[in-house]
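Please go through the structure below with me, one question at a time.

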Amino acid sequence: SPQKGLPKNKSDTQKILTMASKAAAAAAAAASKYGALWGRGYETFLNRRILSVTGTGDHATTYLQGLVTSDLTAEPRAPREEDMENVHALSGAVTDVDVAAAEDGGSDNDAPVEQEVPVRFTSKMRSTCFLDHRGRILTDAILWKRTLDSDGGSTTDATAKGQTTEYLIDVPDDTAESLFAHLKQHKLRRSKIKLADKSKDLSVHAVYGTLNAEGAPPGYMAAMDPRHPSLGMRVLSVGEEIVDSGDDDGDEEADITISIEDTGPSISSKSPRDKRQQHFETLMNNFFDSTPGTYSVLRKLAGIAEGTEIASKTALESNQEFLNAISFTKGCYLGQELTARSQFTGVIRKRILPVMIVDTEMEVPRPWIMASMIQEMGEKDGVEKIFGAMKVVDGTKPKEDAEMIKVKPTGYIPPPLPKMSAAGAGSIVSMILGSVNVHTSEDDGNPQEGDTEAEDNNADIVKEELQKDQQKMEELKKLQLSGQQLQTELSQLAIPGASIVDKKDGKTIGKIISTPAPGTNVLLAQMRLDRLGLLGNNQK
């Protein structure tokens with residue numbers, strides 16, 4: 001629900017569902033600051049690892065402060081808000097009218113709604129990067145922070161005697177081993193710092209369709225994704241009571257798994273991570289649908305690369321300053337020199353961008369055509385030639401003899417690349433691949449039984465509508481077949497390391513760094529900004 005975070009128990013169901021309709025417009029208004037809000041769902045991450053750094057007092061903070069790009073001693077900033085001005089209609093963004101209606105308590109056509117839901121970002125979770133000695137990215141990560149008491153349990157009292165600080169590092173599986181070795185290498189003789197891999201004990205999840213991470217149940221930590229709210233609410237299962245409840249639920253068979261290996265069948269108990277995942281899924285199934293694979297699609301639509309996709313690249317090339325992962329005001333840290341120099345010069349020649357690949361026979365939208373023209377002619381000359389105008393200086397002379405001057409373009413001028421939200425791009429992907437619901441005449445209902453006159457009058461209309469429905473389904477099937485063919489071709493060609501080449505001059509304009517998100521034609525590539533008309537552009 002947009003108004004509530006995770007439900008604490010099943011008794012909250014009716015209350016949450018009642019409040020959901022009232023909070024919908026308010027959530028839409030708040031979401032408009034960050035683009036459209038995705039539909040409800042949840043996902044359990046199976047390809048993430050959790051590493052632990054624990055230290056008494058502030059030792060853990062001091063240790064990590066010298067290794068990460070973010071400032072652990074300052075409150076994290078909120079993500080950059082969407083610039084809603086001049087956003088193309090295909091973005092599907094909430095309009096100013098919708099925002100005003102939510103702030104005023106509703107519109108004429110809607111029921112009254114509650115005030116805008118605040119989107120809070122706290123220091124208990126932040127995004128960051130670990131760099132090597134060259135200043136190149138080792139991996140990105142999400143840092144969770146909690147305070148432990150003398151018995152090892154979580155506490156909210158930071159001044160409690162014997163308390164320790166623990167950072168739980170949520171890191172992609174493909175870079176976890178290299179990061180763990182990196183942490184060990186720089187631990188040196190810090191006896192008050194303890195490192196551990198808790199991947200088998202803890203579980204991490206995401207919940208979509210909410211803007212409020214407050215009120216997490218006992219045993220859970222929850223916060224909005226600090227990189228961008230469209231990535232959902234991040235949830236970490238840490239409480240021992242969750243594992244204990246799985247042992248005491250009376251279902252002994254549920255905690256036993258049977259596996260068949262080369263040596264024969266074996267019986268083993270469920271790991272704490274498996275129990276946590278089961279507990280979370282049982283809790284969420286009452287409120288949200290399971291949507292595995294959603295995160296991969298969302299992050300690629302938003303242009304966010306992770307793990308080995310950004311390994312050995314610079315932080316600014318990977319857009320980490322836009323994802324709240326870099327502080328340019330903190331003290332020294334490993335690899336700072338290259339990052340600071342890149343920021344000081346202000347020239348980033350390559351960046352990771354989301355790329356949507358379409359068939360050559362697709363009808364290209366007009367804004368894309370204009371953007372291509374601007375790129376070819378250069379931003380300044382292209383804008384003036386396409387959108388500029390000529391003005392007569394002396395109106396007394398004949399038109400053919402009159403002196404003409406250029407007038408600067410006014411009104412809406414599209415950028416070198418059309419502005420499009422991740423939600424808008426997702427809609428286009430669905431249409432291209434035929435992943436849409438087709439409205440048919442059956443959705444409109446049939447005449448009531450006994451209404452003979454209505455049935456006779458509508459007989460011809462119904463027949464015509466059925467023919468239209470058949471045409472719609474045939475067109476949809478063609479889209480789906482062409483979409484499947486496109487995805488098959490992309491799976492063979494669009495592989496990491498493949499080049500994107502401009503056929504006009506044969507020059508490489510980008511390198512693919514990730515395969516397309518499952519079921520889509522969207523991938524990530526490191527693109528040359530000069531070939532996109534974005535080099536030196538203020539609106540990067």
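Q: Is Arg-276 buried or exposed, and what is its relative accessible area?
A: This is a predicted model, in which local features need pLDDT of at least 70, side-chain atom pairs count only at pLDDT 80 or more, and totals for chains, interfaces and linings use all residues. Residues are numbered from 1 along each chain as its sequence is written, and side-chain values use heavy atoms, with hydrogens and water left out. Buried means under 20% relative accessible area, exposed over 50%, and partly exposed in between, with a 1.4 Å probe and protein chains only. Arg-276 is therefore buried, with a relative accessible area of 1%.

Q: Which residue meets Arg-276 in a salt bridge?
A: A salt bridge is a side-chain nitrogen of Lys or Arg within 4 Å of a carboxyl oxygen of Asp or Glu. For Arg-276 the N to O distance is 3.7 Å, and the partner is Glu-240.

Q: How far apart in sequence are the parts that Glu-240 and Arg-276 tie together?
A: Helices (H or I, at least four residues) and strands (E, at least two) are DSSP runs, numbered from the N terminus. Glu-240 lies in helix α5 (residues 240-247) and Arg-276 in helix α6 (residues 272-284), so the pair ties together parts that are 36 residues apart in sequence.

Q: How many salt bridges does the rule give, and which residues join into one network through shared partners?
A: The count comes to 19 salt bridges. Through shared partners, one network takes in Arg-48, Asp-170, Asp-225, Arg-227, Arg-234, Arg-299, Glu-306 and Glu-309.

Q: Which side chains meet that of Arg-49 in salt bridges?
A: Arg-49 counts as buried because its relative accessibility is 13%. One N to O distance, 3.6 Å, is to Asp-173. Another, 2.9 Å, is to Glu-177.

Q: Why does the pair of Glu-177 and Arg-49 tie together parts that are 128 residues apart in sequence?
A: Glu-177 is exposed, with a relative accessible area of 52%. The reason lies in where the two residues sit: Arg-49 is in strand β2, and Glu-177 is in helix α4.

Q: How many residues of strand β4 are buried?
A: Strand β4 spans residues 137-148 and is mostly covered. The buried residues number 11 of its 12.

Q: Which residue in the hairpin of β3 and β4 takes a positive phi?
A: The hairpin has five residues between the strands. The phi in question is near 90° and belongs to Gly-135.

Q: Which residue in β6 stands opposite Lys-145?
A: β4 pairs with strand β6 (residues 164-172) in the antiparallel sense, over seven bridges. Opposite Lys-145 stands Tyr-167.

Q: Against which strand do the buried residues of α8 pack?
A: Helix α8 (residues 336-345) has Gln-336, Leu-338, Thr-339 and Ser-342 as its buried residues. The helix is followed by Gly-346, with a positive phi near 75°. The buried residues of α8 pack against β3.

Q: Which residues have the most contacts inside the largest nonpolar core?
A: A nonpolar core is a set of buried Ala, Val, Leu, Ile, Met, Phe, Trp, Tyr and Cys residues joined through side-chain atoms within 4.5 Å. The largest has 22 residues, and those with the most contacts inside it are Leu-523 and Met-527.

Q: Which element gives the most to this core?
A: Elements that give two or more residues include β13 (350-356), α12 (452-493) and β18 (522-528). The most, six residues, comes from α11.

Q: Which residues make the nonpolar surface patch of about 230 Å²?
A: Patches are made of residues with over 30% relative accessible area and no salt bridge; like charges are joined within 9 Å, and nonpolar side chains (Val, Leu, Ile, Met, Phe, Trp, Tyr) within 5 Å. Areas come from the Shrake-Rupley method with a 1.4 Å probe, and for residues only the protein chains shown count as cover. Ile-369, in helix α9 (residues 366-377), counts as partly exposed at 43% relative accessibility. The patch is made by Val-364, Ile-369 and Met-373.

Key:
Pairing = 2+ DSSP bridges. Contact = heavy atoms within 4.5 Å.
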